[in-house]
Amino acid sequence: MARTVFYTATTLDGFIATDDHSLDWLMTRVPGKDGPLDYAAFIDGVGALCMGANTYEWIHRYSHDAAGTATEAWAYAQPCWVFSHHERSAWPGADLRVTAASVPEVHAEMVAAAGGRDLWVVGGGDLAGQFLDHGLLDEVIVNIAPVTLGSGKPLLPRRAELRCLESMPSGEFIAARYEVVR
Ligand SMILES: NC(=O)c1ccc[n+]([C@@H]2O[C@H](COP(=O)([O-])OP(=O)(O)OC[C@H]3O[C@@H](n4cnc5c(N)ncnc54)[C@H](OP(=O)(O)O)[C@@H]3O)[C@@H](O)[C@H]2O)c1
């Protein structure tokens, strides 16, 4: 059965970005390539993804030069819903749906588009929390980097009861997969 998964990298103290949205602590580190938590295997099983506006704009900034020309292609073949109340940077060729619809509505659209494959909540942490609030989050997969930040954008700013299904070293990271306990 299709799962809705929050798959992300986090610092040891539970932040997925610095206060000013930097991922410098992540981009310099090398994840492992093997095992059941491998990104390539994960993304193969994903049929639709969603993200918040700041995550989308970070990817846009990272993939465009100062003149606004794309330096990297949009990485996903799957349809992607971008949650926002505002117009967002255009990305010709990317299958993007900017939406301010409710999380349950978007979840239903994602399920319909995913063809039985999993849904990926890319982030941020509060958006994953909104899926949790609606009982629509099944798993949390984290790649834990050996670094602390002290402050930043939180991994999952909610109380969530989780059960660890697997964990292992993965390159410089510890990879862990949890199911949400309902
Ligand atoms: N470590 C990792 O692997 C990883 C993974 C993902 C993200 N990140 C980073 O983490 C940071 C996350 O930023 P963030 O915490 O600000 O979260 P975010 O979810 O990326 O962006 C939050 C924004 O999304 C929009 N939004 C959220 N929920 C919405 C809803 N229900 N309806 C409509 N719009 C909604 C709002 O934008 P509007 O004001 O436009 O309405 C809100 O201000 C980013 O820097 C990103 O690059 C890191």
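Author: Helices (H or I, at least four residues) and strands (E, at least two residues) are DSSP runs, numbered from the N terminus. This is a predicted model, in which local features need pLDDT of at least 70, side-chain atom pairs count only at pLDDT 80 or more, and totals for chains, interfaces and linings use all residues. Residues are numbered from 1 along each chain as its sequence is written, and side-chain values use heavy atoms, with hydrogens and water left out.

The part to begin with is a loop. Threonine 18 lies in the loop between E2 and H1. With a relative accessibility of 12%, threonine 18 counts as buried (buried is under 20% relative accessible area, exposed is over 50%, and partly exposed is in between, with a 1.4 Å probe and protein chains only). The side chain of threonine 18 makes a polar contact of 2.5 Å with the side chain of aspartate 20. A polar contact is a pair of N or O atoms within 3.5 Å; within protein, one must be able to donate a hydrogen and the other to accept it, and residues adjacent in sequence count only if both atoms are side-chain atoms. Setting aside residues up to four places away in sequence, threonine 18 touches Asp24, Trp25, Leu149, Gly152 and Lys153, where contact means heavy atoms within 4.5 Å.

Histidine 21 is in the loop between E2 and H1 as well. Its relative accessible area is 25%, so histidine 21 is partly exposed. The phi of histidine 21 is positive, near 70°, although the residue is not glycine. Most residues other than glycine have a negative phi, and most peptide bonds are trans.

A nitrogen atom of the ligand is 2.7 Å from an N or O atom in the side chain of glutamine 130. On its own the ligand has 920 Å² of accessible area, and the protein covers 82% of this (areas come from the Shrake-Rupley method with a 1.4 Å probe; for residues, only the protein chains shown count as cover).

Helix H3 spans residues 53-62, and its buried residues are Ala53, Tyr56, Glu57, Trp58, Ile59 and His60. Helix H1 (24-27), strand E3 (46-52), strand E4 (80-83) and strand E5 (96-99) are among the elements that cover them.

E3 is largely enclosed by the rest of the structure, because 7 of its 7 residues are buried. E3 pairs with E6 in the parallel sense over 5 bridges (two strands pair if DSSP finds at least two bridges between them). Within this pairing, valine 46 has aspartate 118 in E6 as its bridge partner. E3 pairs with E4 in the parallel sense too, over 4 bridges, and leucine 49 stands opposite cysteine 80 in E4.

E6 leads on to another loop. Glycine 124 is placed between E6 and H5, and the peptide bond from glycine 123 to glycine 124 is cis, with omega near 0°. Helix H5 covers residues 125-133; Gly125, Leu127, Ala128, Gly129, Phe131 and Leu132 are its buried residues. Just after H5, glycine 135 has a positive phi of about 70°.
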